[in-house]
Structures are given as structure tokens and as C-alpha cells.
Amino acid sequence: MSLGDYTLTFPIWVEFGNGSSENIGSIVDSQGWEKALIVTDQGILDAGLVDGIRTSLTAEGIEYATYDGVEPNPTAGMVDEATEMLEQEGCDFIVSVGGGSSIDVGKGASLMATNPGEIADYEVTSAEEVMEEPIENHPLPLVTVPTTAGTGSEVDYWAVITDEEREFKMALGQSPLYPGGPYLGAEISLVDPALTETLPPRQTAATGFDAFSHALENHVSSARPPLVEPLTKHVMGLVSEHLPAAYEDGEMEAREQMMFGSHVAGICENFAGFGAIHSLAETTGGMYPEIPHGEAIAAYTPAVMRYNIEAVPGRYAEVAETMGVDVSGLSDEEAAREAVDAVEELIDRVDLPSSLRELGVAEDDLPAIAEKSLDTIEIHDNPRDADADDLLEVARDAY
């Protein structure tokens, strides 16, 4: 059987380890950059997670301004505000400190600093649109410093920004389409597990399960290259083992493992597709911006798995194995259903919502969610074809 073709492009300098974020000054100095726009949120500032970064920049004589207006499920308006501050302050690079929201706003501002039009002009809804190279100019240099173990956004080529008028989460993204080509992502990523030490249990659970879902969807994706298979398996096993301890006790060893898992899953995102879990969850988040992304992911995951099993039972059987389920003597389909049970047990153990009803989603909104999900880029790589009626069935199962 042919392995198929793939292209590997990964132009990001990564430093992983406790305390790595405080190396930022010397690394930035080596690039000759002079003034940073730090993109973050007020909670990150209040927690003191930017203090070491500021101290390191100052020690190397690098100036900075701070945009702290990021909120969960970031909007096009936040990107506009950050871009305006970037220009007013004369910054020549961006440092995003926070979860996926801060990193995505940083990506959006870096894009708009060097490219014309509005952020909505760069929305992509299919692989074909990505290959048309919507991003023509290299975005402004970006340094990412994640403070959650979940999104992997620090090392992927994607951002999700809500268009307020449509109540819809737009996907932005582009990998280098030729050697040295422009892409939407960081030049430097400092992955410091110590920055997750103060993350509250609920956020630890939601972001950690998001990391699991990335590996899960990449593993079963119709666009999965062979390169990511051993990585997705490792991440699913690692998160299954360490997320409960990170949630219940907050111990650093578990947090470090979770950060590593999230980080590796983020790398996989660049080479494999997602599917109906992310399509439905992001559509729901666009309509209900108060719902944390990871909690919406948790509510949809078992229902999407049940829908997809008939298409790729063998891959879901592998999910069960990675989660420590004894599948000896079981058929692929039987083992796949054990995987669904194992995922539901993990969701329950870390007290994440198991239904859309728990999240406050109105049942009357399910048809609109199903219809709008067809406009997302993620749905194209779901391993089983789905139309609006199919997605409505899944949403009702998740309700």
C-alpha cells in the first residue's frame, strides 16, 4: 500500500522547558528586533505571567508596548485594535502571551501589519483556498509564549477569529507554500510549562481536552499523512494518563507532560486535518461566545465519534489502545465503541460538560449550527461525509 505524498514545512524556532520564556530577550536581540507589542489579556497580566518576559526584554534594551484587550473567542475587532496599537507604537515584532485567543490575535495583527484589506479577506474555507496563497506578504515577526496546555496555536499555521456580524468563527491559515514563503505563524515559540502552574482546574481540563481532540481528529482525518500517526497516538495516550492529575492536583510533572502533548498536537495540526468535532464546536462558539472552546469540544466529541465509526473503525480502535483499553479479542468496531466509552470517562473524570444542554445551547439553534458548520474548513477532512441533516443528527446526539 502506498504511503502517499506529503510536504513537511516547519520554519519555527522552538525552545521547550521550564523557564524558557525568560530567554526571550537574548533570542530577540539576536534577530535585531527593537520594539515589541505584547499581546495578552488582563488575567495573564494580573497573574504575573508577563513579568519575566518584560524583565528579559528590558535587560537587552528592547522596548515594548502592551495590548491587553484579548478575551476568549477573539473577534475581528480585537485584531483591529491590536493592529492599530502596533502601528501607533512603531513596533517591529509581536509577542503573544496567553492561550489560543492571545496567540490568534497576535497572528491576526502580524498578518494585517503587512498585508492589505481587512482580516475577513483572509478567511479560508477549503484547502483549495489556502493553496491560492491569500497571504502574499510575510507577516510581522511573531514570538509565541503559551500559558495553557491545549491549543497548540503557538506552533501551528492557523488562527480562528470571530466575525461579529456573522456570529461566525473564521479560519485563517497558510503554511509556507514554497521554501521561504509567507505563512501565518510564529518565527519563535517559547514553550514554558511553568507558566501553566497557576491555571485554574476548569481551564486545565478544558484546554487539556482540546489537546486530546486535536490528536484524535488528526488521527482519524481523511487528510492524515503517515508522518503524524505515531505522534497522534503518543499524544492521546499521554493526555489520557496525565490530564486527570494536572486537573486534580496541578502537579508540575503532569503539567509538563500536558504542555508537551499540546505542543506536539499543535505541530501535527499543520499536516493533518480536523473534522466535525471542531467544525461544530467552533460554529457553536461563534454563536455563543461565552462558551469556552474546550468545553464545546468535549460536548461534541463522543457524538462525532459515534457518527464516524462506520467510516474508519480501525483508526478508532487504535484510539482505544492508546487510552489503555484492552481490545484483545474485539473487532475493530467493538474496540472503536470502547474508545467512545473511554473518552466519555475522561470527560467525566475532569468534570467537563457532556452535553450542549449543560452549556446553555438552545435546542432551537441546532439546525443553524448544523447548517453553518458546512461553511467551515474543518468539515472537509472529516473521515465520513456529512451534510446538514447528518450534522443535525450529531448535534442532537450531543444535546
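Trainee: What should I know before reading the model?

Mentor: Residues are numbered from 1 along each chain as its sequence is written, and side-chain values use heavy atoms, with hydrogens and water left out. The model is predicted: local features need pLDDT of at least 70, side-chain atom pairs count only at pLDDT 80 or more, and totals for chains, interfaces and linings use all residues.

Trainee: How many salt bridges does a search of the whole structure find?

Mentor: Side chains of opposite charge can pair when their charged atoms come close. A salt bridge here is a side-chain nitrogen of Lys or Arg within 4 Å of a carboxyl oxygen of Asp or Glu. The search finds twelve.

Trainee: Which residue pairs with Arg337 in a salt bridge?

Mentor: Glu333, with the closest N and O atoms 3.4 Å apart. Both sit in helix 13, four residues apart, about one turn of the helix. Helices are DSSP runs (H or I, at least four residues), numbered from the N terminus. An α-helix has 3.6 residues a turn, so residues three or four places apart point the same way.

Trainee: Is Arg337 buried or partly exposed?

Mentor: Buried means under 20% relative accessible area, exposed over 50%, partly exposed in between (1.4 Å probe, protein chains only). Arg337 is partly exposed, at 40%. Glu333 is partly exposed too, at 42%.

Trainee: How many residues of helix 10 are buried?

Mentor: Twelve of its twelve residues. Among them are His278, Glu282 and Met287.

Key. Helices (H or I, at least four residues) and strands (E, at least two) are DSSP runs, numbered from the N terminus.
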